[in-house]
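Open the model in your viewer and keep the sequence panel beside it. Each stop below names something to select and then says what is there.

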Amino acid sequence: MEKDDDLIKLEEYEFQVDAQIIKTMLEGNGIPAMVTGELDPYGSVFAKPRVLVFRRDEAAARELLKQVQLSDADLDAMAEADGGEE
């Protein structure tokens with residue numbers, strides 16, 4: 001039986017830092033989150049980092065992710081709009 005206080009995987013990331021950024025963003029918006037994934041002492045990943053949230057927060061967390069995640073095409077378009085040159 002599914003419960004509101006069950007932890008669910010929101011997203012899986014390639015790098016620990018990406019998962020931590022998303023966790024911080026979620027928590028800054030009132031959504032409790034945690035990151036799982038194991039690192040060895042040299043920083044190699046044994047398991048990809050995952051961001052977990054409570055089931056009751058899933059919809060709000062996914063909506064927030066939609067608002068902040070940009071594709072490469074979006075980033076390219078933003079760079080062009082800003083002049084595209086440094």
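Predicted model: local features only at pLDDT ≥ 70, side-chain atom pairs only at ≥ 80, totals over all residues.

Select Phe-15, Val-17 and Ile-21: together they form a nonpolar patch with about 310 Å² of accessible area. Is Ile-21 buried or exposed? Ile-21 has a relative accessible area of 52%, and exposed means over 50%, so Ile-21 counts as exposed.

Now colour the whole chain by secondary structure. The protein has 3 helices and 3 strands. Followed from the N terminus, the elements run β-α-β-β-α-α.

Next, select the strands. β1 and β3 run antiparallel and are joined by 5 bridges. β2 and β3 also run antiparallel, with 4 bridges between them. To see a position from each pairing, select Leu-52 in β3. Lys-9 stands opposite Leu-52, and Leu-52 is also the bridge partner of Met-34.

Then go inside. In soluble globular proteins, nonpolar side chains tend to be buried together. The largest nonpolar core here has 15 residues, and those touching the most other members are Leu-10, Ile-22, Leu-26, Val-51 and Val-53. Select the elements that each supply at least two residues of this core: β1 (7-12), α1 (16-28), β2 (33-36), β3 (50-54) and α2 (58-68). Which of the elements gives the most to this core? Helix α1 does, with 4 residues.

Leaving aside residues up to four places away in sequence, Leu-26 touches Leu-10, Ile-31, Ala-33, Val-51, Val-53, Ala-61 and Leu-64.

For the next stop, select Arg-62, whose place is in helix α2. Arg-62 has 31% relative accessibility and counts as partly exposed, because that value lies between the 20% limit for buried and the 50% limit for exposed. What does Arg-62 touch, not counting residues up to four places away in sequence? The contacts are Lys-9, Leu-10 and Glu-11. Draw a distance between the C-alpha atoms of Arg-62 and Glu-11: these atoms are separated by 9.1 Å, although the two residues are 51 residues apart along the chain.

Of the 86 residues, 24% are buried. Among contacts between residues at least 6 apart in sequence, 61% join residues at least 24 apart.

Technical notes. Residues numbered from 1 in each chain as written. Heavy atoms only, no water. Core = buried A, V, L, I, M, F, W, Y, C linked by side-chain atoms within 4.5 Å. Buried < 20%, exposed > 50% of the residue type's maximum accessible area, 1.4 Å probe, protein only. Contact = heavy atoms within 4.5 Å. Pairing = 2+ DSSP bridges. Patch = residues over 30% accessible without salt bridge, like charges linked within 9 Å, V, L, I, M, F, W, Y side chains within 5 Å. Areas by Shrake-Rupley, 256 points an atom, 1.4 Å probe, with all protein chains shown as cover. Salt bridge = Lys/Arg side-chain N within 4 Å of Asp/Glu carboxyl O.
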